[in-house]
Amino acid sequence: MQTTRAFLESIGLPPGDLHALPGSEKRFPDGAQYRVEIPSTEGPRCLEAVLEEAERLDVLVHRVSQGSGVFLHTDAELDEMARLAAEARVEVSLFARPNAGWDASAMARAPAGAVVAPAARGQEQVVQALEDVRRAAEHGFRSVLIADLGVLAAFKAMRDGGELPPDMQAKISVMLPVANPGAARALEELGASTLNLPTDLTLAQVAAIRAAVEVPLDVYVEAPDSLGGFVRLQEIPELVRVAAPVYLKFGLRNAPDVYPSGSHLEPTTVALSKERVRRARLGLELLRRSGAEAMTSELGAEGLAVPALAATRGD
């Protein structure tokens, strides 16, 4: 076993989980250790609610993410979201869909086959997911959520080939498991800009992944029930110390699954968006009470994929 551990070290990977919990010296470009992400921000009204609640509760929300997919927004809705986010200097990451779970896939609905649900099922779904990426870019967005290896590889090729803006970012979805340092390294090499870790990793496991990659890690400090329902607010000080640069992601336990979302669910999704910001306030108050000296970013900081309004259609 020691020979195997030594080999992993020789290729730049940790020899095991890092139970000593070394502090990370890595940082965001502005020197910050952490930023705040509010997920499941499903459309303009939810984004508006997040921004208003963030101002009311004095919470710096650096990024919002969306899960229903670019294709489930009208052009006008995308333009409104881009405008709201650009004015607030906040990143928006939109999901590039479709995937097997929303298709006619029998395996995705089978007990042991759910693992295939986030994947692009066949080359036609790869095409459609990349069309979602293109459409997001055309509306000025500079970040997309990706849950499929093939889509990620093609995304990188498109960006490198000038088919996408050079500052377009690929945020890896929690549905594409990054459960160990080797997987994290592979995804980084494929073009990932940030990595959303599984919700149940221990601090030692997170520390090992941090040692293997340079890109920011996205960590749920409260996870929806569909992803385990963990409430880990008390671990925020150590997560910031060990995982920096890290996005603290405030999901919501005991909340309905709203995907795919739409106007029929808007009162619910708006209410959930507001409560996620309140959870962020609770988590940040806990961080302050801990006595940890942790640095966060200002809105619009370097590295945030804030929408580029000048790039929207018709300009």
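At what angle do the axes of helix 4 (residues 123-138) and helix 5 (residues 149-160) cross? In this predicted model, where local features need pLDDT of at least 70 and side-chain atom pairs count only at pLDDT 80 or more, totals for chains, interfaces and linings use all residues. Residues are numbered from 1 along each chain as its sequence is written, and side-chain values use heavy atoms, with hydrogens and water left out.

The two axes come within 10 Å and cross at roughly 45 degrees. Axes are lines fitted to C-alpha atoms, for helices over the stretch in contact, and angles run from 0 to 180 degrees between N-to-C directions. Helices (H or I, at least four residues) and strands (E, at least two) are DSSP runs numbered from the N terminus. Helix 4 and helix 5 are therefore oblique to each other; angles under 35 degrees count as roughly parallel, over 145 as roughly antiparallel, 65 to 115 as roughly perpendicular and the rest as oblique. The crossing of helix 4 and helix 5 is right-handed, that is, the near helix is turned clockwise from the far one by less than a right angle. On the helix 4 side, Val 126, Ala 129, Leu 130, Val 133 and Arg 134 meet Val 151, Ala 154, Phe 155 and Met 158 of helix 5, contact meaning heavy atoms within 4.5 Å. The residues of this contact comprise 8 nonpolar, no polar and 1 charged (Ala, Val, Leu, Ile, Met, Phe, Trp, Tyr, Cys and Pro count as nonpolar, Asp, Glu, Lys and Arg as charged, and the others, Gly among them, as polar).

Helix 7 (residues 203-212) and helix 8 (residues 236-243) pack at an angle of about 25 degrees, with axes 9 Å apart, and are therefore roughly parallel to each other. Their crossing is right-handed. Leu 203, Val 206, Ala 207 and Arg 210 of helix 7 and Glu 238, Leu 239, Val 242 and Ala 243 of helix 8 make the contact, which has 6 nonpolar, no polar and 2 charged residues.

A closed barrel of 8 strands runs 1-2-3-4-5-6-7-8 with parallel pairing, and the twist averages 30 degrees from one strand to the next. Two strands pair if DSSP finds at least two bridges between them. Strand 2 (residues 63-65) pairs with strand 3 (residues 91-95) in the parallel sense over 3 bridges, and Ser 65 stands opposite Ser 93 in strand 3.

Ser 65 is also touched by Ser 40, a residue of the loop between strand 1 (34-38) and helix 2 (44-57). Ser 40 is buried, with a relative accessible area of 12% (buried means under 20%, exposed over 50%, partly exposed in between, with a 1.4 Å probe and protein chains only).

Key: Lists of a residue's contacts leave out its neighbours within four places in sequence.
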